[in-house]
Amino acid sequence: MGKNILIINGHPNPSSFNFAIAESYFKGAIASKATVDTITIAKLDFNPNLQFGYQKRIELEPDLLASWEKIKKADHLVWIHPVWWGGLPAITKGFIDRLFLPGMAFQYRENSVWWDKLLKGKTAHIITTLDQPGWYYRLFYGRPSVNQLKKATLEFCGIKPVKVSYIGIIKTADETQRKKWLQKVYDWGLLTK
């Protein structure tokens with residue numbers, strides 16, 4: 001029996017290349033006999049604003065509750081998103097803010113600077129699209145979206161290892177290049193066993 005894989009698509013535009021990436025990974029993972037589920041953040045009905053921080057809990061909307069059940073069930077999370085202004089799209093950041101909460105994804109220890117990682121045992125793969133080469137994003141900008149999602153969110157909550165793959169330069173890619181990328185993403189899905 002294969003892994004339970006959850007694909008989380010963080011691009012707000014359904015006609016974006018990120019949706020083609022998510023579909024290609026899905027097809028590869030299904031072909032590998034994995035159990036695959038998806039979350040398309042843009043289709044969820046929720047307020048992305050963590051209005052009171054951690055001082056006051058906001059009731060989770062049904063779509064967020066259903067998403068959390070999918071995250072808990074998954075062995076492997078595949079995050080697909082573009083890099084905008086060095087970071088995640090606002091809707092993706094809001095999804096994380098509202099859902100990766102104390103008592104759910106992590107738990108601060110009483111009278112301590114340390115915390116318990118409540119999502120241990122899961123792995124992840126971040127697939128991010130860029131309008132610059134991945135090496136340039138790493139060397140000249142320090143890959144802020146990766147640091148935020150991989151280190152300060154997923155690993156903070158116990159998810160390890162977290163693989164990172166860059167796809168780009170998107171804005172100058174022709175159809176042939178896009179097909180090559182989609183085949184590579186399909187293969188990643190196929191190999192996730």
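Start by selecting isoleucine 167 and its contacts, meaning heavy atoms within 4.5 Å. Skipping neighbours within four places in sequence, isoleucine 167 touches Phe17, Ile21, Ile127, Thr128, Thr129, Leu130, Trp181, Val185 and Trp188. A word on what's loaded: this is a predicted model, where local features need pLDDT of at least 70, side-chain atom pairs count only at pLDDT 80 or more, and totals for chains, interfaces and linings use all residues. Residues are numbered from 1 along each chain as its sequence is written, and side-chain values use heavy atoms, with hydrogens and water left out.

Colour by secondary structure and you'll see isoleucine 167 in strand 7; helices (H or I, at least four residues) and strands (E, at least two) are DSSP runs, numbered from the N terminus. Its relative accessibility is 2%, so isoleucine 167 counts as buried (under 20% relative accessible area; exposed is over 50%, partly exposed in between, with a 1.4 Å probe and protein chains only). Draw a C-alpha to C-alpha distance from isoleucine 167 to valine 185: 9.6 Å in space, for 18 residues in sequence.

Next, select helix 1 (residues 17–31) and helix 6 (residues 175–191), whose axes come within 6 Å and cross at roughly 40 degrees. The axes are lines fitted to C-alpha atoms, for helices over the stretch in contact, and angles run from 0 to 180 degrees between N-to-C directions. That makes the pair oblique, the class left over once under 35 degrees is roughly parallel, over 145 roughly antiparallel and 65 to 115 roughly perpendicular.

Show side chains at the meeting point. From helix 1 you get Phe17, Ala20, Ile21, Ser24, Tyr25, Lys27, Gly28, Ala29 and Ala31, facing Arg178, Trp181, Leu182, Val185, Tyr186, Trp188, Gly189 and Leu190 in helix 6.

Which of its residues are buried? They are Phe17, Asn18, Phe19, Ile21, Ala22, Ser24, Tyr25, Gly28 and Ala29. Bring back strand 1 (4–9), strand 2 (35–40), strand 3 (76–82), strand 6 (123–130), strand 7 (162–168) and helix 6, which are included in what covers them. After helix 1, click lysine 33, where phi is positive, near 75 degrees.

Last stop: serine 145, in helix 5 (residues 144–155). Serine 145 is buried, at 0% relative accessible area. Beyond its neighbours within four places in sequence, serine 145 contacts His81, Val83, Gly86, Gly87, Leu88 and Tyr137.
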